[in-house]
Amino acid sequence: MSAEAVSPRTNYLNAEYGVSSWLFTRDHKRIALLYLGTITVFFALGGLMATLIRLELATPAGDLLQPDTYNRVFTMHGVLMIFLFLIPGIPAVLGNFLIPIMIGAKDLAFPKLNLASWYIFTAGGLFILWSLLNGGVDTGWTFYTPYSTSFSNTHVIATGLGVFITGFASILTGLNFIVTIHRMRAPGLTWFRLPLFVWAHYATSIIQVLGTPVIAITVLLLALERMFHLGIFDPAYGGDPVLFQHLFWFYSHPAVYIMVLPAMGVASEIFAAFARKRIFGYRFVAFSSLAIAVLGFLVWAHHLFVAGISVYAATVFSVLSMLVAVPSAIKVFNWTATLYEGSISWETPMLYGLGFIGLFTIGGLTGVMLATLGIDVHVHDTYFVVAHFHYVMVGGTIMGYLGGLHYWWPKISGKLYPAFWSKLSALIVFIGFNLTFFPQFLLGYLGMPRRYHSYPPEWQVLNVLSSAGASILAVGYLMPLVYFVWSMRYGKPAPANPWGAVGLEWETPSPPPTENFPETPVVVGEAYDYTQRNYRFPLRDRHEVANV
Amino acid sequence: MLKNFPLLPPSASTLSGDVDAVYLFGVAVAAFFSVLIFCAVLFLAVRFRRRSPDEHGTPERALIWLEIAWSVIPLVIMLGMFGWGAKVFFDLHRPPSNATEYFVVGKQWMWKFQHPTGNREINELHVPMGAPVRLTMTSEDVIHSFYVPAFRSKSDVIPGRYSSLWFQATRTGTFPLFCAEYCGAEHSRMIGHVVVMEPRDYEAWLVRGASAQTVVASGADLFGALSCNTCHRTDSAARAPQLAGVYGREVTLADGAKVKADDNYLRESILNPAAKVVAGYQPVMPTFKGQISEEQLLQLLNYIKSMAAAPTPQQAILGGTEAR
Amino acid sequence: MSDSHGHDSLPGLAHQFDSYEQQRESASLGMWAFIVQEVMFFGGLFVTYLVYRREYAAAFAAGSHHLDVKLGAFNTAVLIASSLTMALAVRAAQLGKKKPLIGFLVGTILLGSVFLGVKTVEYSHKWHEHHVPGPHFAFESTGVHGEPIDPHNAQIFFSLYFAMTGLHALHMIVGIAILLWLIFHAARGRFTPDNYNYVEGTGLYWHFVDIIWIFLFPLLYLIGRH
């Protein structure tokens with residue numbers, strides 16, 4: 001917002017002023033920013049937990065925190081990052097902002113439900129925040145029984161309720177997206193003309209709607225058992241603690257695809273835009289998103305390979321886990337092929353895109369290693385697993401999230417951010433990330449279990465490297481916070497299409513007006529078409545009024 | 001330099017080499033494809049760098065054969081990894097029949113071991129080199145996990161049931177043991193060692209620390225003390241099934257179902273006898289839940305398992321064994 | 001929330017939609033998606049139930065025997081009747097008939113309330129018989145045919161009984177609240193043949209809650225009964 005005389009009310013940011021115009025908005029773009037605010041706060045808290053973890057682990061002895069405190073710290077790190085940052089993350093911020101615009105609609109199908117989702121999400125977050133401020137939970141984010149039902153003395157129920165409530169917000173967002181994508185597409189916008197970002201969010205929404213209720217009921221049963229000693233998971237009553245694991249992972253495995261699919265959608269957009277050509281194998285990438293969503297529901301017991309399931313069941317889940325890797329591989333190859341004969345510009349979003357593809361590949365392939373039964377027995381519950389999931393969730397999802405923020409920031413804020421500092425921060429993130437997490441693969445194979453507060457001294461060198469990397473990564477994450485905020489006040493005004501990309505979001509001003517487009521666009525060709533113009537605005541084209 | 005900076009833990013069991021082999025293959029595959037993608041992406045991003053502000057890329061047709069190729073080839077490689085890993089997994093779960101059984105009880109935050117000879121240890125397990133060892137494990141409280149990186153084997157230790165893990169040590173030494181399932185405050189200190197000794201040294205060690213009784217003898221004592229023998233007896237006053245030779249046999253229940261009399265079945269029959277009643281018997285056995293500890297249960301179980309099948313008169317005549 | 005698209009906003013047409021048809025189809029798809037996630041929600045409970053029923057068949061049969069089949073059957077009939085009144089309410093809305101719409105909505109609420117009343121009676125019976133899981137739980141150690149059972153396993157049965165029927169009852173209470181809201185708006189003439197999505201969506205929800213009960217009743221009340 002410039003410091004000059006009050007600007008004309010032309011866009012969604014200045015359409016109305018005042019706190020209540022934000023808190024009672026139905027505009028998907030404003031709701032996206034509400035989410036951006038809250039999830040950034042939760043990310044910062046989760047990052048604080050991570051800082052404590054890496055500080056503690058820089059020395060072999062448990063000398064910074066009490067063991068009990070450390071257990072609460074790593075649990076809250078997981079809960080905050082997974083439920084309050086990674087799962088809502090890209091869909092709630094970028095998905096909310098962009099999906100209606102990308103399909104030529106005025107808003108989502110259910111704008112009031114969208115606002116309600118934010119309130120529900122924030123309420124759930126407040127439960128978890130209350131728990132954090134009152135000592136947190138020490139069960140691990142996985143809440144395994146009977147520790148969580150009968151042994152932990154922490155606020156398991158409050159945290160569980162928080163997870164339950166945020167889960168409901170996730171379901172409603174998914175529901176909203178599904179209906180929107182089915183019913184609100186502009187004339188001429190057939191399924192195979194949709195941007196792959198929309199396909200990715202469609203697949204994600206299916207997982208959100210089908211999977212999240214299962215963790216909801218699981219957490220509910222956990223809370224009831226803890227309150228009333230029901231015995232459903234307690235062996236003393238004939239209950240089965242491993243049943244909890246099955247129920248928990250039935251959601252929590254598909255949940256990781258909720259986290260990564262949207263980032264893959266961002267990657268598709270970035271590669272198309274910064275190579276200025278359509279994604280190679282568009283249909284394959286689109287169907288791969290759906291395949292990941294479906295297959296993702298069939299692999300949960302690969303988290304239980306050493307929990308006593310039968311060797312035959314383990315075999316089945318190992319094979320299925322190999323299958324789910326195939327569509328991800330298809331995407332990686334197609335993105336790579338997109339670069340061939342492209343016109344590639346090395347701007348910040350592309351740097352994140354390139355980082356994403358490399359780091360996600362490593363993360364995914366180490367996932368294949370974990371799915372290999374003979375290997376998993378040795379590395380299950382070690383730092384190898386920790387390294388794997390950070391590669392896909394941080395190297396994958398967070399790179400995708402940051403890449404998307406950098407790509408669409410001019411559209412969202414109407415301002416440009418400084419190119420030099422943004423490229424530098426991308427490089428710092430990449431270096432810091434690899435230094436933090438690559439040593440953890442080695443630590444895992446050497447036998448360092450996860451969730452350990454102290455460890456044998458021969459593992460210190462690798463741990464110190466990891467902690468050093470974390471400090472660099474933290475710098476890389478703080479930088480965008482600084483220059484994005486800076487840009488809102490001092491950044492150059494952004495044109496409608498600062499990257500010269502193709503997409504409906506680039507056909508509207510930066511920032512867009514509240515109704516997104518002055519008239520409903522008509523789509524006459526495929527997405528990412530750099531050879532001809534596929535978006536028609538009948539009135540505007542007739543009058544040739546420049547909206548830019 | 002690699003000696004000071006090892007990438008693999010010591011290799012101390014018959015299967016650690018197999019696990020390392022499939023792991024290194026996985027590393028090679030992961031490294032190959034990661035490097036391939038990294039290099040391809042960097043090369044293409046440089047080679048096709050934008051030369052003028054308005055330049056755009058040249059789209060190509062989709063190439064179905066290429067899509068199929070780069071779907072099928074990774075799938076084949078991954079199925080190969082699956083197959084190899086599954087074989088190693090099966091080996092990790094198939095102890096040789098001559099494995100000696102040791103008993104492990106995990107509890108917050110210590111490991112309790114009992115040798116078949118009755119020797120007990122806490123947090124340290126002495127075993128002979130070159131002999132297969134099978135651990136039968138349970139927990140007294142929450143889920144733990146028994147993990148010895150040098151043997152590349154791990155198994156969760158779960159309250160309310162038995163799990164098992166086997167290994168055969170190939171060299172002497174002291175190898176770290178970790179709890180690998182988060183179990184509360186002192187999870188990181190629920191650690192110990194497996195001490196592998198030369199067989200002769202192991203025998204000497206056993207004698208030095210001998211307990212008054214073997215596990216089986218303790219179990220026999222319990223069998224009498226808890227009056228199991230009043231019903232489980234071999235004469236005509238028996239109101240309960242014969243236990244000699246029952247371990248590993250298939251048992252027919254009152255509702256017609258057949259179950260294998262394994263560790264968990266025997267344990268359940270003591271703690272919750274009404275759950276699975278044997279066909280032809282009245283459901284009169286009382287429960288012993290709350291009356292015996294996990295260690296006593298293990299001793300009883302081992303006594304029962306040691307009761308060799310004496311041929312019944314019918315078997316002696318017919319020359320066969322029933323229900324096998 | 002003004003509509004600045006060059007066409008006048010039609011009454012009852014939300015600004016993000018271009019036509020009543022789009023609005024209706026969106027509302028319908030949205031409600032179906034909601035129902036699907038409810039199925040998954042109850043599904044987790046059903047899976048848990050099935051696992052333990054198989055494991056502790058005798059204890060579950062014993063627990064089930066202590067449930068009042070007559071009350072359960074009566075409640076089943078009441079709920080099915082309430083689905084009928086609900087369907088008739090939707091039909092009335094479709095035809096634009098305000099009085100029958102309100103009448104059938106009231107009927108649905110009454111029948112739903114009868115269901116909840118009967119459940120309250122059943123729950124109080126369970127309380128007095130010490131069959132509510134928790135510190136006061138007590139159950140005999142013999143099953144239906146005199147075989148010994150572990151009362152702890154029966155406690156699992158009752159835990160699932162209360163969790164499943166309780167969750168179902170909660171859904172019914174929410175449903176009744178929605179019905180009251182519907183009556184309030186129906187009285188104001190809010191629903192027309194062009195725009196009765198809320199009534200239809202509520203109907204869908206109500207039928208779903210009914211179907212859940214139709215599964216709960218035999219699974220919980222009719223174990224081992226011939």
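The structure is a predicted model. Chain A meets chain B through 93 residues of chain A and 83 residues of chain B, and chain A is also in contact with chain C, with 42 residues from chain A and 36 residues from chain C taking part. Chain B holds an open sheet of five strands, and the count of disulfides over all chains is zero.

**Contact between chain A and chain B**

- About 7600 Å² is buried between chain A and chain B, and 69% of this area lies on carbon and sulfur atoms.
- Two salt bridges are counted between these chains.
- One of the salt bridges joins the side chains of D240(A) and R161(B), with an N to O distance of 2.7 Å.

**Contact between chain C and chain A**

- Chain C and chain A bury about 3200 Å² between them, with carbon and sulfur atoms giving 68% of that area.
- Two salt bridges are found across the interface of chain C and chain A.
- Among them is the pair R183(A) and E25(C), whose closest N and O atoms are 3.6 Å apart.

**The sheet in chain B**

- The five strands of the open sheet follow the order β4-β10-β9-β6-β7 in chain B, and their pairing is mixed.
- Strands β4 (124–128) and β7 (153–157) of chain B stand at the edges; each has a single partner strand, so one side of each is left without a neighbour in the sheet.
- On average, neighbouring strands of this sheet are turned by 20 degrees against each other, with direction ignored.
- Within the sheet, strand β9 (residues 173–179) and strand β10 (residues 192–197) of chain B pair in the antiparallel sense, over five bridges.
- The bridge partner of G173(B) in β10(B) is V196(B).

**Cysteines**

- A disulfide is a covalent bond between the sulfur atoms of two cysteines.
- The count of disulfides over all chains is zero.
- C183(B) is in no disulfide: the nearest cysteine sulfur, that of C179(B), is 3.8 Å away, whereas the cut-off for a disulfide is a pair of sulfur atoms within 2.5 Å.
- C183(B) is buried, having a relative accessible area of 0%.
- C39(B), by contrast, is partly exposed, and its relative accessible area is 47%.

Key
Residues are numbered from 1 along each chain as its sequence is written. Chains are lettered from A and ligands numbered from 1 in the order in which they are written. This is a predicted model: local features need pLDDT of at least 70, side-chain atom pairs count only at pLDDT 80 or more; totals for chains, interfaces and linings use all residues. Side-chain values use heavy atoms; hydrogens and water are left out. Buried means under 20% relative accessible area, exposed over 50%, partly exposed in between (1.4 Å probe, protein chains only). Two strands pair if DSSP finds at least two bridges between them. Helices (H or I, at least four residues) and strands (E, at least two) are DSSP runs, numbered from the N terminus. Axes are lines fitted to C-alpha atoms, for helices over the stretch in contact, and angles run from 0 to 180 degrees between N-to-C directions. Contact means heavy atoms within 4.5 Å. Buried area is the accessible area (1.4 Å probe) that two parts lose on being put together, summed over both. A salt bridge is a side-chain nitrogen of Lys or Arg within 4 Å of a carboxyl oxygen of Asp or Glu.
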